[in-house]
Amino acid sequence: MRDNQYSGKDDFINDEEIINHLERCKNPDPIEIREIFAKSRAKNRLEPEETAKLLQLEDPDLIEEMYALAREIKEDVYGDRIVFFAPLYVGNKCINNCLYCGFRRDNEAIVRKTLSKEELINEVEVLESKGHKRLIMVYGEHPAYDADFIADTMKTVYSVKQGRGEIRRININAAPMDVEGYKKLKEAGIGTFQIFQETYHHQTYSLLHPKGDRKSDYRWRLYGLDRAMEAGIDDLGIGALFGIYDWKFEVMGLLYHTIHLEKTFGGIGPHTISFPRLESALNTPYIDSTSYKVSNENFKKLVAVIRLSVPYTGMILTAREQPEVRDQVIPLGVSQIDAGSRVGIGGYEEAEKGYLPEKEQFQLGDMRSLDELIKKVCDLGCIPSFCTAGYRAGRTGKHFMSLAKPGFVHKFCMPNAVLTFKEYLLDYASEETRIAGEKAIARELNKFGATDPERKKSVEKKLKIIQDGKRDVYI
Ligand code: SAM
Ligand code: SF4
């Protein structure tokens, strides 16, 4: 146990300190802002006061500069690849009553369902037939979804091989567990364990998570990823649900969480940060009553501030957002997106036949197919990636951080993006997307050629092997 995890008065989120930082940092001095920009450009994680200054920026020219820098840092640390994944909802039974969620216990309008093994296999077959290789599996909080159940469903998913399709990485978004539970997921081959704190603001957390519910324990959730790390899972995903409290406060909360993980685990911060915005959900009136909804303008700003504050961390933008918003925000530092998503139980198989919105957790904004989005990402000048080599080659946790921080991700991840994208183009793409994709690959090879001709040669060799029929070729 670390850092008064289960007892004591204080945890690492000090609401008053955050509010004071934000108050003190209003009207920041442009000279200081440029110094902060320089620190981010050098890929150093910011301190709370520096992030607070960025959050309080109002000057339109400096905000534009911040956006340009966010793009530059993303390119520098992650390259111009965008990793694709899909969510897979396994069960929506839930013992909690989170006010904002369509799956909450008291919502009788929602149809409750847990996928049977056969249904789970059907879902995975549909996903594989579209070209997906990475999933985030999502579960309500319920005794039926304990660690053994989750590990079993993971094993089932990994076992489904359909034609050339297979799932090579499973991330999990589920209720926080104890160390023993996490160990079972580690054994089943988990990639990232993701927990969103929802809000870091203690009082708001209590208001939205009724007393007596398991989820009402703020501290159990806040330290949930510490326990995952103790169990050996070193790829951690943090996040906040934007729209239930002040967005500036939540960005500060995400930063404090990052600092806590870095300090506690020898420099290993979160592998990813998520920033879902609250969406409408069936029979969930709380959502219309909140006064904290985040405008599109502020959403852009918060994404850029996160990019600058934690330069080495992956950032996930989900299909909750409308297509126009995604197209604008992706270039600001996003490294992972989902596509062709369904957030209902059995949603993929249903979508092949018809659509059952009453099983959805919330309404999705971006309904574009994987193929359409792949083409869009190529048109944005990026390279789609289905790479899952990182964790299979042991490049996680500390190892990942040491590679990601100085920008060496280019050496592994960019070539692997090209290789996995080539597989996609050969096996799943429409003609239009294939043409756009081949152009994107040629563009990327030219870039390799300009900086590292040896790398270009070795990627070309591997592309030939893929063209000849071999799959899962990576560096
Ligand atoms: N039950 C687990 C939990 O609460 O941690 C995991 C699954 S839960 C369905 C995954 C996430 O969905 C939550 O952490 C929350 O941030 C998000 N969510 C809930 N209601 C939402 C809504 N109305 N709009 C957008 N995201 C929502
Ligand atoms: Fe249940 Fe998670 Fe929804 Fe809360 S957010 S009601 S715990 S599924």
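**Ligand Shell, Salt Bridges and Helices**

Q: What is the make-up, by class, of the shell around ligand 2?
A: The shell around ligand 2 has four nonpolar, two polar and two charged residues. Here Ala, Val, Leu, Ile, Met, Phe, Trp, Tyr, Cys and Pro count as nonpolar, Asp, Glu, Lys and Arg as charged, and the others, Gly among them, as polar.

Q: And which residues surround ligand 2?
A: They are Cys94, Asn96, Cys98, Cys101, Phe103, Arg104, Gly140 and Lys215. A residue is near a molecule if one of its heavy atoms lies within 4 Å of it.

Q: What sort of model is this, and how do the numbers work?
A: This is a predicted model, in which local features need pLDDT of at least 70 and side-chain atom pairs count only at pLDDT 80 or more, while totals for chains, interfaces and linings use all residues. Residues are numbered from 1 along each chain as its sequence is written, chains are lettered from A and ligands numbered from 1 in the order in which they are written, and side-chain values use heavy atoms, with hydrogens and water left out.

Q: How many salt bridges does the structure hold?
A: The structure holds 41 salt bridges, each being a side-chain nitrogen of Lys or Arg within 4 Å of a carboxyl oxygen of Asp or Glu.

Q: What does Lys447 form a salt bridge with?
A: Its partner is Asp80, and the closest N and O atoms are 2.3 Å apart. Lys447 lies in helix α20 (residues 431-451) and Asp80 in the loop between α4 (60-78) and β1 (81-91), so the pair ties together parts that are 367 residues apart in sequence. Helices (H or I, at least four residues) and strands (E, at least two) are DSSP runs, numbered from the N terminus.

Q: Is Asp80 buried or exposed?
A: Asp80 is buried, with a relative accessible area of 6%, whereas Lys447, at 34%, counts as partly exposed. Buried means under 20% relative accessible area, exposed over 50%, and partly exposed in between (1.4 Å probe, protein chains only).

Q: Which residues are linked in a network of salt bridges?
A: Arg326, Asp327, Asp338, Asp366, Arg368 and Lys376 are linked in this way.

Q: Changing topic: at what angle do helix α3 and helix α13 cross?
A: The axes of α3 (residues 48-55) and α13 (residues 296-309) come within 10 Å and cross at roughly 155 degrees. That makes α3 roughly antiparallel to α13. Axes are lines fitted to C-alpha atoms, for helices over the stretch in contact, and angles run from 0 to 180 degrees between N-to-C directions. Angles under 35 degrees count as roughly parallel, over 145 as roughly antiparallel, 65 to 115 as roughly perpendicular and the rest as oblique.
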